[in-house]
Amino acid sequence: MSFKGMVVVVIATLGLASGIAAAASAGSASGPGRNAAGPASGFIPSHNVSHANQARGGGHISLLQWYGGPVMHSTTVIPVFWGSQWSSSSFKSDKITGLDTLYSHIGGTAYARTNGEYYAGNGNVNTSSISKGTDLLDTSATPSGAPSTSQVLAEVAKATGSKPVAGAYYPVYSDQPRGSAGYCAWHSSGTINGTQVEFGFFFNLDGDPGCDPQSPSSLGHSQGLAALANVSGHELSEMLTDPQLNAWTDQRGDENSDKCAWTWSAPVQIGGQNWKIQGNWSNAAANAHTGYANGGCIQTA
């Protein structure tokens, strides 16, 4: 969801307001090496905030509109694991290997294709050309509390030696819990030495009931991995359809995953495994009244 689209939620929840203020404080601030971060978008409210704003618009159908910005026609996902605890085998458990599986195999899946109807002037989102790059690890301490977009972009610059892959998506996974922040993750866009990149930020969600999708243990994923996988699908989908925060949103600023946050119809299959990852909004499904939530949410296409 765009920053302006979060205003209603901000008013409703002081915890979310403080977290968003921290995350969005960067604006277009510059960091070392001519880095410029945009605002945060696609905030995933924790359960209590989501339930207070159920149905992202009160149940009426509000279609996504194109505001002239680009969509992604190909991308390389390069996860950044940030914090000293990522060197501990007991902490990382199945999280790194699980996310590697998710990102390595998500391209071309029926789940990824839920983003394929959205377009820019040079064509639709390409849901097959999603590749996985080599993980980046930085065991230095993460900031206390909710980091700003400029802090997270600076971490991407540090992890890449200020030489990022153009057009790549860098999801940054912190080893710190969200504390009083009212959200689980977000995505943004920026430049590092003039190179355009997309990036996201994710708290450590181990034992966090507010960001837990309550995935069945039969799916074989730890609670921490299941929570990260769900919000990772959300942010990846919004990065594909609204990478620079000026492409596809509805009138209140919600992106395609925001409109289906914390809703599921069935597990989705990625990399030979079943995952509990929320669905995405489809204008086509909404117009045909075939979606499972508000008529427009789908998990496969």
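**Close-up views of a predicted chain**

Trp86 is buried, its relative accessible area being 1%, where buried means under 20% relative accessible area, exposed over 50% and partly exposed in between, with a 1.4 Å probe and protein chains only. This is a predicted model in which local features need pLDDT of at least 70 and side-chain atom pairs count only at pLDDT 80 or more, while totals for chains, interfaces and linings use all residues. Residues are numbered from 1 along each chain as its sequence is written, and side-chain values use heavy atoms, with hydrogens and water left out.

**View 1. Trp86 and Phe91 form an edge-to-face aromatic pair.** Rings of Phe, Tyr and Trp (its six-membered ring) pair if their centres lie within 6.5 Å, and planes under 30 degrees apart count as stacked, over 60 as edge-to-face and the rest as tilted. The structure holds 13 such pairs.

**View 2. Tyr183 and Phe203 form a tilted aromatic pair.** Their ring centres lie 5.6 Å apart, with 45° between the planes. Tyr183 belongs to the loop between β10 (169-174) and β11 (185-192), and Phe203 to the loop between β12 (195-202) and α8 (223-241), so the pair ties together parts that are 20 residues apart in sequence. Helices (H or I, at least four residues) and strands (E, at least two) are DSSP runs, numbered from the N terminus. Tyr183 is buried at 0% relative accessibility, and Phe203 is buried at 2%. Both residues belong to a cluster, linked by ring pairs, that also includes Phe43, Trp186, Phe199 and Phe201.

**View 3. The charged ends of two lysines sit over tryptophan rings.** A charge sits over a ring if NZ of Lys or CZ of Arg is within 6 Å of the ring centre and within 35 degrees of the ring normal. The charged end of Lys259 is 4.5 Å from the centre of the Trp281 ring, and that of Lys276 is 4.4 Å from the centre of the Trp264 ring.

**View 4. Trp262 and Asn294 have positive phi values.** Most residues other than glycine have a negative phi. Trp262, with phi near 60°, lies in the loop between β13 (248-249) and β14 (268-270) and is buried, at 10% relative accessible area. Asn294, with phi of about 55°, is found in the loop between α9 (283-288) and β17 (297-298) and is partly exposed, at 27%.
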